[in-house]
Structures are given as structure tokens and as C-alpha cells.
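Trainee: I have a structure open and would like to work through it with you. Could we take it step by step?

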Amino acid sequence: MKEHKVDAETRRALLMAGDLRVLIGLLKRRLREESTLGDFTPSQIAVLRRINEDGPATVTALARAEGVRPQSMGATVATLEAAGMVSGSPDPGDGRQTILSLTAACRKKVVDGRAAHEDWLFRTIQSKLTPKEQGELAHAVELLKRVAG
């Protein structure tokens, strides 16, 4: 096998990519701990996120989007309905289908959860970073926006 020489700049970018991937995972886990939706499973939270971001949907559409069987999605949705997080209404185009939407209580939990995440981030940045480091973080955030966009 032929070895390829990797210059220092490429090596640095590769290491940074790996570090960033791990760091994003840690940050996601930490934010999940701050979540007001902590009593739900990851698949239930994924369904709530999907409805929140993509709008009302049928069980079939949710199953397809999440890559699971409609029967499995039906069980997930039933739990969310019982918890008062989603509600269904007849599909005007197909009466056999039900369109699922987030309830007002769920929307409030989503808003409260985002506020809790931002509050935790705010307090952590203020308590753990100096003003100079906060400026560096602000610059890094702008760079990350370019990477993500």
C-alpha cells in the first residue's frame, strides 16, 4: 500500500474535524440534559422535532421520514398523544388518515426547552470564559456558521 504524505495544514484540519465532531456530540448530550422533554425517548423527541420543524403529518409520513415501520410509529405517536404532546384531526383529503400536530402544551414545552438551553449556555459562557475568551468564542461561532452554511 502506498502511503500518502499529508501536509501539516491538512493534518491539522483532519484533527480539528475529529475534535469538532466529538465536541458537538458532547454539547448535544449536555443540552439534552437541560431539556424539558427529558421524560421522552429519543425516538419520541425526534417525532416531536419533526412535527415542530416540518409541520403536521400522518403516522405514515412520520414513519417514512424516521425510517421505521408505521406500526412502530403508531406506538410512538400513541404515547405522545397520551402525554398530551400531539393531537390528531381527520385528513381532509383522506378520511382514513389522521393529521398529527403539536398541542399548545407541547409548543410551550419546546419554547421553554429552548429557553433553558440558551440560559444554560449563557450562564456557562459567563461563568467559565473570560471576556477575551467570550470574544474568541463569538468569532468561532461566526466561523462555524460558515462551515454549517
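Predicted model: local features only at pLDDT ≥ 70, side-chain atom pairs only at ≥ 80, totals over all residues.

Trainee: Where is Thr103 found?

Mentor: Look at the elements on either side of this residue, which are β2 and α5 (104-128). Thr103 is in the loop between β2 and α5.

Trainee: Is Thr103 buried or exposed?

Mentor: Its relative accessible area is 16%. Buried means under 20% relative accessible area. Therefore Thr103 counts as buried.

Trainee: Which residues is Thr103 in contact with, leaving aside its neighbours within four places in sequence?

Mentor: Contact here means heavy atoms within 4.5 Å. With those sequence neighbours set aside, the partners of Thr103 are Gly84, Met85, Val86 and Ser87.

Trainee: How do strands β1 and β2 run, and how many bridges join them?

Mentor: Strand β1 covers residues 86-91 and strand β2 covers residues 94-102. They form a hairpin with 2 residues between them. Across the pair, Asp91 stands opposite Asp94, and Pro90 stands opposite Thr98.

Trainee: Now the helices. Are α2 and α3 roughly parallel or roughly perpendicular to each other?

Mentor: Helix α2 (residues 42-54) and helix α3 (residues 59-66) pack at an angle of about 110 degrees, with their axes 11 Å apart. Angles of 65 to 115 degrees count as roughly perpendicular. So α2 and α3 are roughly perpendicular.

Trainee: What is the handedness of the crossing where α2 passes α3, and which residues make the contact?

Mentor: The crossing of α2 past α3 is right-handed. On the α2 side, the contact is made by Ala46, Val47, Arg50 and Ile51, and on the α3 side by Leu62, Ala65 and Glu66. Sorted by type, the residues of this contact are 5 nonpolar, no polar and 2 charged.

Trainee: How is α2 placed relative to α4?

Mentor: The axes of α2 and helix α4 (residues 70-82) come within 10 Å and cross at roughly 80 degrees. That is why α2 is roughly perpendicular to α4.

Trainee: How do the residues of the contact of α2 with α4 divide into nonpolar, polar and charged?

Mentor: From α2 come Ser43, Gln44, Val47 and Leu48, and from α4 come Met73, Thr76, Thr79 and Leu80. They divide into 4 nonpolar, 4 polar and no charged.

Key. Residues numbered from 1 in each chain as written. Heavy atoms only, no water. Axes fitted to C-alpha atoms, helices over the stretch in contact; angles between N-to-C directions. Helix = DSSP H or I, 4+ residues; strand = E, 2+ residues; numbered from the N terminus. Parallel < 35°, antiparallel > 145°, perpendicular 65-115°, else oblique. Left-handed = near helix turned anticlockwise from the far one by under 90°. Nonpolar A, V, L, I, M, F, W, Y, C, P; charged D, E, K, R; others polar. Pairing = 2+ DSSP bridges. Buried < 20%, exposed > 50% of the residue type's maximum accessible area, 1.4 Å probe, protein only.
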